[in-house]
Amino acid sequence: EVFGKRNFAALDEVYTADARILPPGGPIIAGREAIRDFWSGLIQSTNATSAALTSVDVMPTGDGAVEIGSATIALPDAKLEVKYVVYWLPENGLMKWHVDIWNPNA
């Protein structure tokens, strides 16, 4: 939805209102609007077409959960393999990403 259809508004259903992302080599980005801007810019500038995420482990913690996983991001001439950790928290009855950090595999 986000990558293929460029529906960046769908990120509101993924991230909490005060979520933070920690992209590799960059500063912490906080809040849905800033996160939408980040992903919109990155996806459009790289012309990424899809992202396939695979959970490796999910660990309950208090009201939330920590997920460890891997992802493959499809680019026009390559695939980018990354690993990630997401901290999930409930918001308005839905579990959403509250902290999202990732980095590319070597």
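A residue is called buried when its relative accessible area is under 20%, exposed when it is over 50%, and partly exposed in between (1.4 Å probe, protein chains only). The model described here is predicted, so that local features need pLDDT of at least 70 and side-chain atom pairs count only at pLDDT 80 or more, while totals for chains, interfaces and linings use all residues. Residues are numbered from 1 along each chain as its sequence is written, and side-chain values use heavy atoms, with hydrogens and water left out.

E67 is buried yet has no salt bridge, and the nearest side chain of opposite charge, that of K96, lies 15 Å away; a salt bridge here is a side-chain nitrogen of Lys or Arg within 4 Å of a carboxyl oxygen of Asp or Glu, and Lys and Arg count as positive, Asp and Glu as negative, with His and the chain ends not counted.

Three salt bridges are present in the structure. One of them joins D12 to R36, with the closest N and O atoms 2.5 Å apart. In another, the side chains of R32 and E91 meet at 2.3 Å, N to O, and E91 also meets K96 in a salt bridge of 3.2 Å. Both K96 and E91 are buried, and salt bridges with shared partners join R32, E91 and K96 into one network.
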